[in-house]
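Hello,

Here is the structure I promised to pass on to you. Have a look at it first, and then read my notes below.

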Amino acid sequence: MELSREETEERPRNDTVSDDDGDDTPMLSSQALEALKEFLAEQNRLVAEAPQEEEVALVSEDWRLSQFWYDRDTAETIAREVIILCRNVDSPSVACIACPTLYAYLKKIGPEVSAQLLEYDKRFEQYGTEFTFYDYNQPEDLPLSLKHSFPIIVADPPYLSKECLEKVTETISFLSRPGQSYLLLLTGEVQKERAAELLGLRPCGFRPHHASKLGNEFRLFTNYNPGTRLDGWEAE
Ligand SMILES: C[S@@+](CC[C@H](N)C(=O)[O-])C[C@H]1O[C@@H](n2cnc3c(N)ncnc32)[C@H](O)[C@@H]1O
């Protein structure tokens with residue numbers, strides 16, 4: 001509802017809502033004030049009734065498996081980025097290494113996206129043929145059908161150790177499709193130098209957050225410049 005010009009025009013002082021203190025504060029007429037109240041009530045009603053995007057139902061975190069789920073904003077931001085990347089490649093398919101929340105949001109936002117979740121926690125067998133059991137200690141112990149099959153890979157290793165990132169790097173090499181592969185790594189800031197050495201990754205401005213508050217600073221590293229998305233690559 002718009003306020004008509006008439007409603008917003010100045011009116012005689014006796015037709016305004018005034019606190020009678022005689023100052024020069026602009027006043028609305030009582031009719032304009034009523035119209036404004038109706039307008040705001042209508043806006044509030046529309047916002048309240050707007051369909052909300054559903055949150056994805058997740059299994060509970062098992063901290064013994066180093067499970068810390070992304071918060072919704074983080075999961076949706078990364079999922080949208082992956083969907084944009086899918087438009088840049090032929091026959092897109094996405095490997096989600098140890099990031100089940102991302103997989104779940106990806107399938108919610110882009111159900112048509114072909115994706116494979118590689119995970120240690122067998123509760124995610126619920127995803128059927130899109131689940132592959134994965135233990136980073138056996139980095140290449142994976143079905144041959146997955147070898148060099150993925151132009152887009154997202155990984156969130158369970159531990160912040162050198163050994164874990166080296167092994168996940170082996171898995172990434174196994175999965176990457178020859179030619180350009182887009183790689184996104186979510187891990188602690190402490191892995192910055194190693195991520196650059198092992199995988200040629202640089203940190204983005206976007207900061208991943210988790211549903212539970214973590215003591216470690218988390219970062220998103222990519223092997224491509226996301227430009228204005230993900231708050232860009234951090235300056236070197
Ligand atoms: C830091 S969490 C990343 C989860 C991500 N933040 C998300 O919300 O989807 C690490 C993941 O590694 C998995 N994990 C634990 N032990 C593993 C192992 N030995 N090999 C591979 N993955 C493992 C956990 O189940 C968990 O999903």
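Let's begin with a helix on the sheet. Helix H3 (residues 72–86) lies across S1, S4 and strand S5 (182–188), and runs at about 160° to S4. Helices here (H or I, at least four residues) and strands (E, at least two) are DSSP runs numbered from the N terminus. Axes are lines fitted to C-alpha atoms, for helices over the stretch in contact, with angles from 0 to 180 degrees between N-to-C directions. Two residues are in contact if their C-beta atoms, placed from the backbone, lie within 7 Å.

Before going on, please keep in mind that this is a predicted model: local features need pLDDT of at least 70, side-chain atom pairs count only at pLDDT 80 or more, and totals for chains, interfaces and linings use all residues. Residues are numbered from 1 along each chain as its sequence is written.

H4 also lies across strands, namely S1, strand S2 (115–119) and S4, and it runs at about 160° to S2.

The sheet itself is open, with seven strands in the order S3-S2-S1-S4-S5-S7-S6 and mixed pairing; two strands pair if DSSP finds at least two bridges between them. At its edges are strand S3 (131–133) and strand S6 (202–203), each pairing on one side only. Strand S1 (residues 94–97) and strand S4 (residues 152–155) run parallel and are joined by four bridges. Cys-96 stands opposite Val-154 in S4.

How do H3 and H4 cross? Their axes come within 9 Å and cross at roughly 60°. That makes H3 oblique to H4, because angles under 35 degrees count as roughly parallel, over 145 as roughly antiparallel, 65 to 115 as roughly perpendicular and the rest as oblique. Among the residues that meet are Ala-75, Ile-78 and Val-82 in H3, and Leu-102, Tyr-105 and Ile-109 in H4. By class, this contact has nine nonpolar, one polar and two charged residues. Ala, Val, Leu, Ile, Met, Phe, Trp, Tyr, Cys and Pro count as nonpolar, Asp, Glu, Lys and Arg as charged, and the others, Gly among them, as polar.

Finally, the ligand: of the 20 residues around it, Ala-98, Thr-101, Tyr-120, Asp-156 and Pro-158 come nearest. A residue is near a molecule or strand if its C-beta atom, placed from the backbone, lies within 6 Å of it. Helix H4 (residues 100–109) gives the most to this shell, with three residues. The shell divides into 12 nonpolar, four polar and four charged residues.

Best wishes
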